[in-house]
Amino acid sequence: MYNITVICVGKLKEKFYSDACSEYINRLSRYCKLNLIELKEERLPDAPSQAQIDAALAREANAIRSKLPQNSSIVPLCIEGRLCSSSEFAQALSTWSTSGAKTLVFLIGSSYGLHASIKEHAFMRLSMSPMTFPHHLARVMLLEQIYRCFQILEGSKYHK
């Protein structure tokens, strides 16, 4: 059974996002042990300087590092990440399972993204789209795509 951790900077506030995440977490329980960790997003002023943003991202990166399971591979979601189809993503998940790492960790940053230091040792950098989405929606999309991966690997009709 796969061990998957999703570390998210920021808490879900809207019930519809929480409900959607709960639905996919429930569906995924059949395929993997999923651990979802929410971390506090650093507060910034309305018009932060680049130095303030960098400092906040560095603090968030430290918080992320403190929650990374030992012997894990990380997949940060970031704009410069790899765009791939659901089938390609399923293949990457399948490839990871033979990598020797015990846990696959997906990272969703705050509204300013993730610090470069947390992305540099990634198993794979993943971009959901060239479009911009709220990071709360990205969590739902990621969970759905992980579920879709397992459906693809299983050969189910979910992925058409």
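## Strand S4 and its partners

In this predicted model, let's start with a pair of residues: Thr5 has Val105 in S4 as its bridge partner.

## How S4 is covered

Is S4 buried on one face or on both? Both faces are covered: Thr103, Val105 and Leu107 are buried on one side, and Leu104, Phe106 and Ile108 are buried on the other. With six of its six residues buried, S4 is therefore largely enclosed by the rest of the structure.

Step back and the strands form an open sheet of four, in the order S2-S1-S4-S3, with parallel pairing. At its edges lie strand S2 (32-39) and strand S3 (72-82), each of which pairs on one side only. On average, and ignoring direction, neighbouring strands of the sheet are turned by 20 degrees against each other.

Helix H3 (residues 86-96) packs on this sheet and touches S1, S3 and S4. The direction of H3 makes about 115 degrees with that of S1. H3 is also part of a right-handed β-α-β unit, together with S3 and S4.

## Ser86, a residue of H3

Ser86 has its place in helix H3. Its relative accessibility is 15%, under the 20% cut-off, so Ser86 counts as buried. Which residues does Ser86 contact, leaving aside its neighbours within four places in sequence? They are Gln145, Arg148, Cys149, Ile152 and His159. Among them, Gln145, Arg148, Cys149 and Ile152 fall within the residue range of helix H5, 135-154.

## Helix H5

H5 has 20 residues, and at 1.5 Å a residue the helix should span 28 Å. The C-alpha atoms at its ends are 29 Å apart, which agrees with that expectation.

How many of the 20 residues of H5 are buried? The count is 15, and H5 is mostly covered. After the helix comes Gly155, whose phi is positive, near 80 degrees.

## Cysteines without partners

A disulfide is a covalent bond between the sulfur atoms of two cysteines. With a cut-off of 2.5 Å between cysteine sulfur atoms, the count for this model comes to zero disulfides. Cys21 is in no disulfide, and the nearest cysteine sulfur, that of Cys8, is 7.3 Å away. Cys21 has 4% relative accessibility and therefore counts as buried.

Cys78 is in no disulfide either; the nearest cysteine sulfur belongs to Cys84 and is 12 Å away. At 10% relative accessibility, Cys78 counts as buried too.

Technical notes:
Residues numbered from 1 in each chain as written. Predicted model: local features only at pLDDT ≥ 70, side-chain atom pairs only at ≥ 80, totals over all residues. Heavy atoms only, no water. Helix = DSSP H or I, 4+ residues; strand = E, 2+ residues; numbered from the N terminus. Expected span 1.5 Å × (residues − 1). Buried < 20%, exposed > 50% of the residue type's maximum accessible area, 1.4 Å probe, protein only. Pairing = 2+ DSSP bridges. Axes fitted to C-alpha atoms, helices over the stretch in contact; angles between N-to-C directions. Contact = heavy atoms within 4.5 Å. Right-handed = clockwise from strand over helix to strand, strands pointing away.
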